[in-house]
Amino acid sequence: MVDEALHDVVILGAGPAGLAAAIYTTRSRLDTVVLDAQGGGGQLAIIDRIENYPGFDKAVTGMELFEAMRRQAEGFGVQVGFDQAQKLEADDASVTVIGDAGRYRARALIVATGARHRELCIPSEERLKGRGVSYCATCDGNFFAKKPVAVIGGGDTAVKEAIYLSRIVEKVYLVHRRDRLRAEALLQERIRERPNVEFCFDSVVDEIEGTDAVSGVRLKNTKTGELRRIAVEGVFVFVGILPNAEFLSGHVDLDPLGFVRTDPRMRTRHPRIFAAGDVRADSVRQIGAAVGDGITAAVTIQEMLDTETPPRRCGPECAI
Ligand SMILES: Cc1cc2nc3c(=O)[nH]c(=O)nc-3n(C[C@H](O)[C@H](O)[C@H](O)COP(=O)(O)OP(=O)(O)OC[C@H]3O[C@@H](n4cnc5c(N)ncnc54)[C@H](O)[C@@H]3O)c2cc1C
């Protein structure tokens, strides 16, 4: 598809950051195109339980929150198109997104493409992906009902997912490279109450064992170098995230991990490219923060485009 029109805004990504931005730009009557590689929802699609997003006095699932955001956005005319950005062309006046299905040109671009999971990067992980190695407890947890599993990581996501899994599986080994968890205090309290969670601190995964399916994990103690084997049938990896920002290369500044650097108004080095949400360097990677970033980007763009719109012609032939 060749979209010849010059839109006001193209938003890449229909997760919380992109949808929040779209609600604001469409309400400001900016001609907005929203594109998502997977149709929308982003990481919300795999969250089992959200209880820290303001406005809900009971926990909601990620899908419930996404559906509510999507319905609200559609109410203002937002339509999410299916396409994955592969490349950009940008000059002083506009940015063109080149996707798998088309080209989209706009006076401003909001990159809200979020992030994806990091991997352990050991050969056995690659070999046993989908055969016991997983990155999503909500998606795959049930396959391990009443079986032992290992959860790798010590941050909020790892601890949340370990709590979730502990309700389904026989036993969770929580493997963390440091001597204490990084997760927020409330999550730490909750996981310590789970009777079937064993902590393996100061430990990294040396090898995931198994031929056709996971049969165990070999752990290496980071202080002593000692090796220990635990028998598990599933390995859930939550060791951080990487930005979906490869297609931006050359147009914006990135931090050493590839996250997009912005100023506090979500401006990047290029005056027409903005970034919001998890893809942004310095983001705290929470839904509320992503929503705030999306809104900030939208308002900044609205102000920028307002100053650029040519003033209405005035003369005797005009009504006002
Ligand atoms: C298991 C888990 C549990 C979590 N629990 C919580 C929680 O309890 N509370 C909380 O506040 N946060 C939680 N988070 C974090 C939260 O989900 C993220 O901070 C939030 O989703 C970030 O929103 P985003 O819009 O920036 O990006 P994302 O949600 O990642 O959405 C990005 C979107 O961009 C699309 N996209 C990517 N690349 C392209 C491309 N090239 N072209 C077009 N589209 C593209 C993707 O398909 C995706 O839909 C959790 C995350 C995970 C993984």
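Tutor: A crossing is left-handed if the near helix is turned anticlockwise from the far one by less than a right angle, and right-handed if clockwise. This is a predicted model, in which local features need pLDDT of at least 70, side-chain atom pairs count only at pLDDT 80 or more, and totals for chains, interfaces and linings use all residues. Residues are numbered from 1 along each chain as its sequence is written.

Student: What makes the crossing of H5 and H6 left-handed or right-handed?

Tutor: The crossing of H5 and H6 is left-handed, which means that the near helix is turned anticlockwise from the far one by less than a right angle. H5 and helix H6 (residues 185-193) pack at an angle of about 30°, with their axes 10 Å apart. Axes are lines fitted to C-alpha atoms, for helices over the stretch in contact, and angles run from 0 to 180 degrees between N-to-C directions. Helices (H or I, at least four residues) and strands (E, at least two) are DSSP runs, numbered from the N terminus.

Student: Which residues of H5 and H6 make the contact?

Tutor: H5 gives Asp 156, Val 159, Lys 160, Ala 162 and Ile 163, and H6 gives Leu 187, Gln 188, Arg 190 and Ile 191. Contact requires C-beta atoms, placed from the backbone, to lie within 7 Å.

Student: Why are strands E9 and E15 called paired?

Tutor: Pairing requires at least two bridges found by DSSP; four bridges join strand E9 (residues 148-152) to strand E15 (residues 234-237), so the two pair. They run parallel, and Val 151 stands opposite Phe 236 in E15.

Conventions. Contact = placed C-beta atoms within 7 Å.
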